[in-house]
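Student: I would like to go through this model term by term. Please set each value against its rule.

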Amino acid sequence: MAILTHNQGPYVYTLYKDEYGLAEPTVAMLFAAGFVAAALSATFVGALADKYGRRMACMAFCITYALSCVTKLSSEIVTLLIGRLLGGVATTLMYSVFESWMVTEYFARSLDKSNMTLDSMFGLMTALNGVVAILSGVVGESVVAMTGTKTSPFMAAIVLLMTALVIMKRGWVSLQSQS
């Protein structure tokens, strides 16, 4: 999931600068707003995930980041700022709740007593993220070439995020929630 969303970084800058013609200080302010939103949301995201569950937090990531992607269709500064704020919160969710969920489920399913180590799970995840990053870059560039706009990778991400949301909603069976 991390690669899905953050492989769009190069498109954000060129979208703001080249397609929307925003001045460099404005682009910098938008990026800074996203970083500040991520930092501030880091103070409460974990507590909310603990209170409402990691599944809900992962689904909140999908919705929050999809909304952030939708804002890329506008060249209005306020809309783009809202998108960066949403993106910052989504980044915090992405870098905390998915791995936290994986660790929780690992122990809930007693995988620590099997041959599968947590180290190997994280290693596999990292390797797969690398492969997905490469594929995402190729697909993203192809979509931009086909459509002629840097907004298209964000629209493609919405489709993938909503697919992930449906999979989480329908297919996420948690042993923690059954006990």
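Student: How do you know that the length of helix H6 agrees with its residue count?

Tutor: Helices are DSSP runs of H or I with at least four residues, strands are runs of E with at least two, and both are numbered from the N terminus. The expected span is 1.5 Å times one less than the number of residues. H6 covers residues 77-108, which is 32 residues, so it should span 46 Å. Its end C-alpha atoms lie 45 Å apart, and that agrees.

Student: What kind of model is this, and how are residues numbered?

Tutor: It is a predicted model: local features need pLDDT of at least 70, side-chain atom pairs count only at pLDDT 80 or more, and totals for chains, interfaces and linings use all residues. Residues are numbered from 1 along each chain as its sequence is written, and side-chain values use heavy atoms, with hydrogens and water left out.

Student: Where does H6 bend?

Tutor: At Met 94, by about 25°. The bend is the angle between two fitted axes, one for the seven residues ending at that residue and one for the seven starting there.

Student: What makes Ser 110 worth a look?

Tutor: Its phi is near 55°, a positive value in a residue other than glycine. Most residues other than glycine have a negative phi.

Student: Why is Ser 110 called partly exposed?

Tutor: Buried means under 20% relative accessible area, exposed means over 50%, and partly exposed is in between (1.4 Å probe, protein chains only). Ser 110 has 34%, so it counts as partly exposed.

Student: Why is the contact between Glu 105 and Arg 109 called a salt bridge?

Tutor: The rule asks for a side-chain nitrogen of Lys or Arg within 4 Å of a carboxyl oxygen of Asp or Glu. Here the N to O distance is 3.2 Å, so the pair meets the rule. Glu 105 is buried at 6%, whereas Arg 109 is partly exposed at 38%.

Student: How many salt bridges does this rule give?

Tutor: The count is 3. Among them, Arg 54 pairs with Asp 50 at 3.0 Å, N to O. Arg 54 is partly exposed at 22%, and Asp 50 is exposed at 55%. Glu 24 also pairs with Lys 17, with the closest N and O atoms 3.8 Å apart. Glu 24 is partly exposed at 38%, as is Lys 17 at 28%.

Student: What makes Phe 44, Leu 48, Tyr 52 and Met 56 a nonpolar surface patch?

Tutor: Patch residues need over 30% relative accessible area and no salt bridge; like charges are joined within 9 Å, and nonpolar side chains (Val, Leu, Ile, Met, Phe, Trp, Tyr) within 5 Å. Tyr 52 has 53%, so it is exposed. Tyr 52 sits in helix H4 (residues 45-52). The patch comes to about 420 Å², with areas from the Shrake-Rupley method, a 1.4 Å probe and only the protein chains shown as cover for residues.
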